[in-house]
Amino acid sequence: MNRGRRNLKQAASDQDFTLEECQSIAQVVSLRGSNQIEIMDAKGENSLALFPAKFRESMWIRRGSFVVIDHTGKEKAQESGSKVTSIVCKVLFFEQVRLLQKSPEWPEIFKDTRPIPAEKSSPIEQHEDDGEVDSSDDDDGMPPLQANTNRLRPFGVKCDAETDSGSDSDS
């Protein structure tokens with residue numbers, strides 16, 4: 001393991017840290033791809049933030065996670081028309097969020113939210129269709145698949161396999 005990744009993981013595991021003047025805590029609203037995430041800051045405003053490449057393949061975030069953002073050039077970025085207004089400095093893990101919630105640095109808007117532990121994922125409601133085939137007993141001892149919590153499932157989308165098979169019989 002190279003020195004940069006080792007230092008990054010060690011810095012991420014620090015339990016106690018203080019926010020600097022230009023830093024604040026934000027919650028991840030959605031993942032936009034291309035190292036961009038949508039965040040909600042302490043004022044309740046949504047904006048885009050850059051998730052630096054140095055965190056790539058060493059730290060993962062999902063909707064509802066908390067991050068520390070650096071918003072030094074926010075006004076300049078808004079004046080120039082850029083949509084990305086801040087940069088993620090640190091990803092807050094479950095234990096760090098629990099400690100920060102007890103401190104006065106934690107924003108009031110996030111007092112009601114609970115941190116998501118790494119071991120548990122939030123369940124997504126499964127909507128069953130009448131046409132779906134029930135799972136059979138040939139699982140081979142494998143655990144059931146879990147839903148992707150980073151994607152919202154549209155309620156009205158249904159897969160129609162019958163139309164695909166009908167087009168093959170025409171030729």
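**Notebook: loop residues and aromatic pairs**

I looked up asparagine 35 and found it partly exposed, at a relative accessible area of 29%. The model I am reading is a predicted one. I located asparagine 35 in the loop between strand 1 and strand 2. I noted its phi as positive, about 60 degrees, although asparagine 35 is not a glycine. I recorded this because most residues other than glycine have a negative phi.

I then turned to serine 34, which lies in the loop between strand 1 (23-33) and strand 2 (36-40). Serine 34 is not a glycine, yet I read a positive phi of about 55 degrees for it.

Next I searched the whole structure for aromatic pairs, and the search gave four. One of them joins phenylalanine 51 and phenylalanine 55, with 5.3 Å centre to centre and 35 degrees between the planes, a tilted pair. Phenylalanine 51 is buried at a relative accessible area of 9%, and phenylalanine 55 is buried at 2%.

I also checked phenylalanine 66 and phenylalanine 110: their ring centres are 5.4 Å apart and their planes stand at 70 degrees, so I logged the pair as edge-to-face. This pair links distant parts of the chain, 44 residues apart. I placed phenylalanine 66 in strand 4 (residues 66-70) and phenylalanine 110 in the loop between helix 3 (94-101) and helix 4 (161-169). Phenylalanine 66 counts as buried at 2% relative accessibility, and phenylalanine 110 counts as buried at 0%. Finally, I noted that Phe66, Trp106 and Phe110 form one aromatic cluster.

Note on methods. Residues numbered from 1 in each chain as written. Predicted model: local features only at pLDDT ≥ 70, side-chain atom pairs only at ≥ 80, totals over all residues. Heavy atoms only, no water. Phe/Tyr/Trp six-rings, centres within 6.5 Å; stacked < 30°, edge-to-face > 60°. Buried < 20%, exposed > 50% of the residue type's maximum accessible area, 1.4 Å probe, protein only. Helix = DSSP H or I, 4+ residues; strand = E, 2+ residues; numbered from the N terminus.
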